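Please keep the sequence and the 3D view open as you read.

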Amino acid sequence: MIDLRSDTVTQPTIEMRQAMANAEVGDDVFGEDPTVNQLEKTAAELVGKEDALFVPTGTMGNQLAILSHTSRGDEVILDSESHIFYYEVGAPAMFAGVQLHPVSGLLGRNALEKLRHACRQPDIHFPNSRLLCLENTFNRGGGTVMTPEEMGSIYELAKEYNLAVHMDGARIFNAAVASRCDVKEFTRYCDSVMFSLSKGLCAPVGSILAGSKKIIAKARKYRKAMGGGMRQAGVLAAAGLIALKMVDRLAEDHANAMKLAEGLAQIDGLKVELHRVQTNIVLAEITAMDMDAQTFVDEMQKHSVKVVPFGPRLVRFVTHKDVSRDDIEQAVNVAEIVIGSI
Ligand code: TLP
């Protein structure tokens with residue numbers, strides 16, 4: 001099976017499994033797990049923040065950030081296609097009790113104009129706008145990178161309106177590798193950042209939330225409240241420490257994604273916007289008559305290639321450590337057979 005559904009499917013490496021078996025552990029709720037402490041320290045330094053928190057999932061990291069930056073009834077501005085709005089089960093309403101203000105195209109062109117329009121002036125009728133959430137790379141945008149320059153001007157405008165900025169950087173290292181720059185070039189323009197260890201970096205479990213000491217102290221308490229005090233979590237953090245050394249390998253995923261995109265773009269009946277293929281995600285639109293995304297996905301699976309539907313006629317392919325160059329060629333061949341079969 002060639003699994004291109006997500007980079008979340010990556011298997012931990014042998015080195016990770018050995019480190020997990022040998023990890024020194026303690027009770028992390030008492031702050032006594034040396035491996036978790038080391039991971040949090042290393043992660044904070046890597047992204048240039050004062051402190052960091054190890055969390056089980058990216059979703060929890062994003063939700064803790066929202067809880068820590070806001071009060072009930074505040075408003076959070078974000079893109080209507082962002083993961084927090086689209087895929088996190090309405091959690092900001094459940095837990096933080098905030099109002100989400102989804103802005104279409106916020107993570108695309110004319111971001112500044114859109115943000116200015118979304119920000120509220122003080123008025124008795126309006127909620128308090130408190131937080132802006134960015135996403136880099138932008139998953140539903142096709143893994144596109146928001147450049148440090150773009151982030152910088154958005155950050156400046158957010159500060160004019162007194163907004164804190166949280167970055168859902170589940171794949172921020174993909175952005176850094178694709179831009180050939182230090183990840184701090186991105187993270188300097190946010191007050192908190194969540195990034196995943198469990199996607200292209202191959203850890204079995206875990207994400208990091210990083211920010212100021214004050215924000216992370218709040219998040220640590222909320223993590224406990226949400227049942228995320230994980231005790232001997234060093235067995236997981238051990239894999240996370242190795243994940244942080246695997247950043248450079250993401251370049252391979254990006255090269256494979258481009259190869260895949262070029263192959264798919266040749267197929268009559270599929271459309272791929274090559275300029276949007278900047279990291280490890282490829283979105284293909286089905287232009288062939290009489291085939292929707294779900295049928296395409298089902299047919300691909302019959303030929304042992306797994307992908308996911310991303311819209312009525314849109315399909316997502318994600319490259320990662322466990323797909324080889326040969327697998328990519330095979331996936332293109334299968335897509336051609338599937339499209340040719342109608
Ligand atoms: N994304 C998953 C699915 O939930 C869609 C995927 O396969 O891409 N932020 C971003 C930008 C993400 O892409 C994801 C996961 C998360 C947050 C949530 O991370 P987890 O799955 O660890 O909760």
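## Backbone geometry

Thr137 sits in the loop that runs between β5 (129-135) and α7 (148-160); helices (H or I, at least four residues) and strands (E, at least two) are DSSP runs, numbered from the N terminus. A cis peptide bond, with omega at about 0°, joins Asn136 and Thr137. Before we go on, a note on the source: this is a predicted model, in which local features need pLDDT of at least 70 and side-chain atom pairs count only at pLDDT 80 or more, while totals for chains, interfaces and linings use all residues. Residues are numbered from 1 along each chain as its sequence is written, and side-chain values use heavy atoms, with hydrogens and water left out.

Most residues other than glycine have a negative phi, and most peptide bonds are trans. Val89, which is not a glycine, has a positive phi of about 65°. You will find Val89 in the loop between α4 (83-87) and α5 (91-96). Val89 counts as exposed because its relative accessibility is 67%; buried means under 20% relative accessible area, exposed over 50%, and partly exposed in between (1.4 Å probe, protein chains only). Asn110 also has a positive phi, about 55°, without being a glycine. Asn110 belongs to the loop between β4 (99-103) and α6 (111-118).

## Around the ligand

Which residues come nearest to the ligand? Of the 16 residues around the ligand, they are Ser6, Gly58, Thr59, Asp168 and Arg171, where a residue is near a molecule if one of its heavy atoms lies within 4 Å of it. The shell divides into 3 nonpolar, 7 polar and 6 charged residues. In this grouping Ala, Val, Leu, Ile, Met, Phe, Trp, Tyr, Cys and Pro count as nonpolar, Asp, Glu, Lys and Arg as charged, and the others, Gly among them, as polar. α3 (58-69) makes the largest contribution to the shell, 3 residues.

The table gives polar contacts (pairs of N or O atoms within 3.5 Å; within protein, one must be able to donate a hydrogen and the other to accept it, and residues adjacent in sequence count only if both atoms are side-chain atoms).

| Side chain with a polar atom | Distance to a ligand oxygen atom |
|---|---|
| Asn139 | 2.9 Å |
| Arg171 | 2.8 Å |

Taken alone, the ligand exposes 510 Å², and the protein buries 83% of that; accessible areas come from the Shrake-Rupley method with a 1.4 Å probe, and for residues only the protein chains shown count as cover. The elements that give two or more residues to the ligand shell are α3 and α4.

Thr70 lies in the loop between α3 and β3 (75-79). Thr70 is buried because its relative accessible area is 10%. Its side chain reaches the backbone oxygen of Ile66 at 2.6 Å.

## The largest pocket

Rolling a probe the size of a water molecule over the atoms shows where empty space is left. On a 1 Å grid over the protein atoms alone, a cavity is a set of points where a 1.4 Å probe fits but cannot get out, and a pocket is an open set with protein on both sides within 12 Å along at least five of seven lines; lining residues have an atom within 4 Å of a point. Grid points are joined across faces, edges and corners, and a volume is the space filled by probe spheres set on the points.

The largest pocket holds about 430 Å³ of space. Of its 19 lining residues, Leu107, Gly108, Arg109, Glu150 and Arg276 are closest to the centre. Both α6 and α7 supply at least two residues of this lining, with the largest share, 3 residues, coming from α7. The lining divides into 7 nonpolar, 7 polar and 5 charged residues.

Glu149 is also part of helix α7. Glu149 is exposed, as its relative accessible area is 59%.

## The cavity

How many cavities of 30 Å³ or more are there? The count comes to 1, and the largest cavity has about 50 Å³ of space. Among the residues lining the largest cavity are Arg171, Phe173, Lys199 and Leu250. Helix α8 (residues 172-179) gives the most to this lining, with 3 residues. The lining residues divide into 5 nonpolar, 3 polar and 2 charged.

Ala178 is found in helix α8 and counts as partly exposed, at 29% relative accessibility.
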